[in-house]
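Colleague: I would like to learn how to read a few features of a model. Could we take them one at a time?

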Amino acid sequence: MKQMSLLDVLGAYADGAQSNEQAYARIGSSCGLPQQAWAERKPIGKDEALHSPLKIKARWTQQTLRKLGLLEPVAGRRGHWQATAKGRQTLKQREENLEP
């Protein structure tokens, strides 16, 4: 199991718009995270409300990618995101650099 990176999260949107749940499955697959890891909930914050630490990390990463101009929310579809043109170009460059 590897740590979730910005590119892992951006890569979840390589094929177009995804819901958060679809993205979690793709991120989990690329990082070797079992599906049940996303359902794990722990007390977080002052009120110790139960939340999924992995989902929180993924959402923080989505916001970072948004601020970098690589990811954007899909208009009119709550919880759906898509790579921007800049994000798709970043993914394409990454693939080209990794090819032998």
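Colleague: Is Q62 buried or exposed?

Modeller: A word first: this is a predicted model. Burial is judged by relative accessible area, and under 20% means buried. Q62 has a relative accessibility of 3%, so Q62 counts as buried.

Colleague: Where does Q62 lie, and what does Q62 touch?

Modeller: Q62 is part of helix α4. Leaving aside residues up to four places away in sequence, Q62 touches V9, Y13, N20, L71 and W81. With Y13 there is also a polar contact, side chain to side chain, at 2.8 Å.

Colleague: How many residues does helix α4 have, and how far does α4 reach?

Modeller: The general idea is to compare the span with the one expected at 1.5 Å a residue. Helix α4 covers residues 53-67, which is 15 residues, and reaches 21 Å from its first C-alpha to its last. That is close to the expected 21 Å.

Colleague: Which residues of α4 are buried?

Modeller: L54, A58, T61, Q62 and L65 are buried in α4. Around the axis they cover an arc of only 105°, so they sit on the same side of α4. On the face turned away from that buried side are the exposed residues W60 and K67.

Colleague: What covers the buried residues of α4?

Modeller: The cover includes the helices α1 (6-11), α2 and α3, together with the strands β4 (71-73) and β5 (80-83). Just after α4 comes G69, with a positive phi of about 80°.

Colleague: How many aromatic pairs does the structure hold?

Modeller: The structure holds 1 aromatic pair. To class a pair, look at the angle between the ring planes; under 30 degrees counts as stacked. Here the rings of Y24 and W38 have planes at 15° and centres 4.8 Å apart, so the pair is stacked. Y24 lies in helix α2 (residues 20-31) and W38 in helix α3 (residues 35-39), so the pair ties together parts that are 14 residues apart in sequence.

Colleague: Are Y24 and W38 buried or exposed?

Modeller: Y24 counts as buried, at 4% relative accessibility. W38 also counts as buried, at 4%.

Colleague: And K92: where is its place, and how far is K92 from A14 in space?

Modeller: K92 is in helix α5 (residues 85-98). From C-alpha to C-alpha, K92 and A14 are 9.1 Å apart, while in sequence they are 78 residues apart. K92 has a relative accessible area of 46%, so K92 is partly exposed.

Definitions and conventions: Residues numbered from 1 in each chain as written. Predicted model: local features only at pLDDT ≥ 70, side-chain atom pairs only at ≥ 80, totals over all residues. Heavy atoms only, no water. Phe/Tyr/Trp six-rings, centres within 6.5 Å; stacked < 30°, edge-to-face > 60°. Helix = DSSP H or I, 4+ residues; strand = E, 2+ residues; numbered from the N terminus. Buried < 20%, exposed > 50% of the residue type's maximum accessible area, 1.4 Å probe, protein only. Expected span 1.5 Å × (residues − 1). Arc of directions from axis to C-beta. Contact = heavy atoms within 4.5 Å. Polar contact = N/O pair within 3.5 Å; in protein donor to acceptor, adjacent residues only side chain to side chain.
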